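Please read the points alongside the sequence and the model.

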Amino acid sequence: MTKIPQMGEFTKEDGNEELWYQVFQLGHPVLAGKQKRFSMLPGRTRCKMCYAPFTGIGGWITKRMGLQASSRNPFFCNACDGFLNAFPGGAEVDLAIMFCDLRGSVALSESMTPKQFKELIVFMRETIIPVLWRSEGFVLQFQGDSIIGVWPPGFSGKDYAQKAVDGAFKMSKALETATFNGQTVPVGISLHAGRAYLGTVASVGNDLQEVSAFGYDVNIAARLSDAAEAGEVLISEAAINAAGKQNHAVDLHPFALKGVETPIQAGHLLRP
Ligand SMILES: [Zn+2]
């Protein structure tokens with residue numbers, strides 16, 4: 001069962017609504033310029049916000065520009081982390097949202113040592129996240145054995161939903177061919193589109209900030225991922241409509257999701 005993102009000891013922050021609406025809904029020219037430049041540099045680990053690489057040749061170049069992984073918040077560069085710190089808050093925006101969940105994680109964790117299981121999770125992240133970056137998505141969270149990605153238009157462009165569909169499909173293909181100790185990693189993927197409050201959350205003591213999403217459509221995506229079988233991309237009708245193509249999935253049917261009154265139309269994505 002996928003946990004709805006509650007962020008544990010993190011609390012939601014409000015404020016700077018216009019700024020975050022620009023970042024996530026309209027597009028911020030400075031951030032967009034950085035993303036374009038940095039995505040051309042090689043690097044296995046990157047800032048979640050501006051895509052500045054932290055490792056390899058790309059990391060060497062960005063370090064000379066004064067950018068490195070923030071010491072308090074290693075998923076962001078020092079500049080973007082400073083931005084989160086200076087402008088806490090968020091805004092309600094359109095987005096596509098994806099949950100990637102390890103299937104049968106209890107049985108898998110029983111069959112290996114805790115260290116091997118941790119390595120499996122790292123392998124799963126390293127397989128999925130570069131595809132997410134290449135499809136111009138934003139890594140929202142790692143949550144145990146789940147990866148949550150979003151494609152807001154300000155970040156991913158007007159065709160954000162189509163990029164999300166392509167990205168989710170490519171992730172399932174990458175997982176099909178990547179093996180960990182000789183076996184493929186069983187991951188179910190859900191993709192939904194709608195609206196959510198996307199904004200900063202702060203840890204108790206304010207020493208760490210992250211970006212998280214809140215709202216009904218986030219919960220739909222989370223619940224839908226529970227129904228996605230290993231190797232499957234389960235896409236909602238709303239995501240198909242947002243992507244502007246009607247023939248992505250061939251087998252749309254209603255899914256009764258826990259805690260959701262109206263069944264959600266969704267189907268198995270056969271091709272993007
Ligand atoms: Zn950055």
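Does Asn181 count as buried or exposed?

1. The model is a predicted one. Asn181 counts as exposed because it has 10 C-beta neighbours inside 10 Å, and the limit for that class is 12 or fewer. Asn181 sits in the loop that links β5 (179–180) to β6 (183–184). Although Asn181 is not a glycine, its phi is positive, at about 50°.

2. Most residues other than glycine have a negative phi. Asn16 also shows a positive phi of about 50° without being a glycine. Asn16 belongs to the loop between β1 (10–12) and α1 (17–26). Asn16 counts as partly exposed because 18 C-beta neighbours lie inside 10 Å.

3. The largest nonpolar core holds 74 residues, and those touching the most other members are Ala96, Met98, Ala161, Ala168, Leu191 and Ala239. Strand β2 (residues 90–102) gives the most to this core, contributing nine residues.

4. Which residues does Ala168 contact, leaving aside its neighbours within four places in sequence? They are Met98, Ile189, Leu191, Val233 and Leu269.

5. Helix α2 (residues 29–39) has Lys34, Gln35 and Phe38 as its buried residues. Viewed down the axis of α2, these buried residues fall within an arc of 100°, and therefore they line one face of the helix. The exposed residues Pro29, Gly33 and Lys36 are carried on the face of α2 turned away from the buried side.

Technical notes. Residues numbered from 1 in each chain as written. Predicted model: local features only at pLDDT ≥ 70, side-chain atom pairs only at ≥ 80, totals over all residues. Helix = DSSP H or I, 4+ residues; strand = E, 2+ residues; numbered from the N terminus. Buried ≥ 20, exposed ≤ 12 C-beta atoms within 10 Å, placed from the backbone. Core = buried A, V, L, I, M, F, W, Y, C linked by C-beta atoms within 7 Å. Contact = placed C-beta atoms within 7 Å. Arc of directions from axis to C-beta.
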